[in-house]
Amino acid sequence: SQTLASMSKCYLWPISPAATLLLARHLALLGWMLKARVRGENESIENKQVLGTMLQGDDLDWVLRQPRATNALLARCRQIMACIILEDTKQQHHKQSTTSNRDNSSSGLSGSSLLLMFEEKIQELEAIVG
């Protein structure tokens with residue numbers, strides 16, 4: 001998850017700082033919950049307190065309703081990343097249709113390249129999370 005956090009800072013933060021911060025919270029929790037799972041502390045009160053500190057509202061409720069918090073957090077990370085990248089791609093297509101500016105994206109990479117990079121890292125984590 002450290003690699004995803006670093007990639008997010010470089011490639012996603014310039015596109016959407018607020019969404020990238022939300023993503024960082026989920027990535028931090030993913031690492032915390034993986035460590036707790038290895039230690040056999042999945043259902044501890046402390047873990048629920050950490051989740052409650054880092055997440056709020058619908059995000060928190062959804063994660064707590066899932067049978068495995070690690071899988072839920074990873075799924076939410078994928079969703080946030082995809083939303084940031086796809087929204088940027090949509091904005092870039094709109095800019096290109098209204099101007100002669102041909103920049104690929106705010107990050108300098110095409111949306112499909114970014115999605116592929118992030119998907120590869122997510123799949124590596126999925127192999128660990130199970």
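**View 1. Cysteines C77 and C83 in the predicted model.** The sulfur of C77 lies 12 Å from the closest cysteine sulfur, that of C83, which is too far for a bond. For C83, the closest cysteine sulfur is in turn that of C77, at 12 Å. A search of the whole structure accordingly returns 0 disulfides (a disulfide being a pair of cysteine sulfur atoms within 2.5 Å). C77 is buried, with a relative accessible area of 0%, whereas C83 is partly exposed at 47% (buried: under 20% relative accessible area; exposed: over 50%; partly exposed: in between; 1.4 Å probe, protein chains only). This is a predicted model, in which local features need pLDDT of at least 70 and side-chain atom pairs count only at pLDDT 80 or more, while totals for chains, interfaces and linings use all residues. Residues are numbered from 1 along each chain as its sequence is written, and side-chain values use heavy atoms, without hydrogens and water.

**View 2. Helix 2, residues 17–39.** Helices are DSSP runs (H or I, at least four residues) numbered from the N terminus. After helix 2 comes G40, with a positive phi near 75 degrees.

**View 3. Surroundings of H26.** H26 belongs to helix 2 and counts as buried because its relative accessibility is 0%. Beyond neighbours within four places in sequence, H26 contacts L55, D59, L73, R76, C77 and I80 (contact: heavy atoms within 4.5 Å).

Definitions and conventions
Helices (H or I, at least four residues) and strands (E, at least two) are DSSP runs, numbered from the N terminus. The expected span of a helix is 1.5 Å times one less than its number of residues.
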